[in-house]
Amino acid sequence: MSDHLHIVLDRTAMVAAGRGNAVASRLIHRAHLEAGWHLYAPACALVEADRTRPGTAEHLAALPGVTVLDLDLPAALAVARGGDWADAHTRHAAGPNPERPDGAFVATAEPERWAGEPVRVLDINP
């Protein structure tokens with residue numbers, strides 16, 4: 001079993017973090033301080049979070065514990081097939097890849113959004 005924890009923030013988790021959600025804040029804090037904790041913000045989800053709550057993108061991108069995931073070619077191809085850009089980029093980021101062979105959890109404030117999707121969900125609601 002890996003001693004690393006990988007978590008991808010979806011757009012709802014990003015907005016919730018900006019609004020002071022305690023669980024999202026703890027995730028950000030632990031990703032900054034603890035080795036093995038990795039928190040990711042897919043660029044497409046970051047754009048949608050910023051449209052919902054302006055200033056979210058700059059705030060999250062400035063946090064040392066958050067890694068912004070670019071829309072590289074594999075992500076762009078997944079987005080092209082996936083409909084909603086934010087959710088497709090998040091789904092792609094949470095899937096297994098060479099850096100995260102076991103994939104990642106999707107942190108969300110709307111767990112029902114991921115029902116039926118091939119991702120592991122982390123509900124950040126209190």
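Me: Which residues have the most contacts inside the largest nonpolar core?
Reply: Keeping in mind that this is a predicted model, the largest nonpolar core has 24 residues, and those with the most contacts inside it are Met14, Leu27, Leu39, Ala107 and Ile124. At least two residues of this core come from each of β1 (5–9), α1 (11–18), α2 (22–33), β2 (37–42), α3 (43–52) and α4 (56–62).

Me: And what does Leu39 touch?
Reply: Leaving aside residues up to four places away in sequence, Leu39 touches Ile7, Leu9, Leu27, Ile28, Ala31, Gly65, Val66 and Thr67.

Me: OK, and which residues does the second core include?
Reply: That second core is separate and has nine residues, among them Val8, Leu69, Trp114 and Val119.

Me: Let's go to α1 now. Why is α1 described as largely enclosed?
Reply: Seven of the eight residues of α1 are buried, so this helix is largely enclosed by the rest of the structure. The buried ones are Arg11, Thr12, Ala13, Met14, Val15, Ala16 and Ala17.

Me: What about Gly18, buried or partly exposed?
Reply: Gly18, which also sits in helix α1, counts as partly exposed because its relative accessibility is 24%, and buried would mean under 20%. Gly18 and His59 are 41 residues apart in sequence, while their C-alpha atoms are 7.9 Å apart in space. Just after α1 comes Gly20, which takes a positive phi of about 90°.

Me: Switching topic, where is Asp87?
Reply: Asp87 is in helix α6, which covers residues 85–94, and Asp87 is buried, with a relative accessible area of 12%.

Me: Which residue's side chain does Asp87 make a polar contact with?
Reply: The side chain of Asp87 is joined to that of Arg113 by a polar contact of 3.1 Å. Not counting residues up to four places away in sequence, Asp87 touches Arg11, Arg113 and Trp114.

Key. Residues are numbered from 1 along each chain as its sequence is written. This is a predicted model: local features need pLDDT of at least 70, side-chain atom pairs count only at pLDDT 80 or more; totals for chains, interfaces and linings use all residues. Side-chain values use heavy atoms; hydrogens and water are left out. A nonpolar core is a set of buried Ala, Val, Leu, Ile, Met, Phe, Trp, Tyr and Cys residues joined through side-chain atoms within 4.5 Å. Buried means under 20% relative accessible area, exposed over 50%, partly exposed in between (1.4 Å probe, protein chains only). Helices (H or I, at least four residues) and strands (E, at least two) are DSSP runs, numbered from the N terminus. Contact means heavy atoms within 4.5 Å. A polar contact is a pair of N or O atoms within 3.5 Å; within protein, one must be able to donate a hydrogen and the other to accept it, and residues adjacent in sequence count only if both atoms are side-chain atoms.
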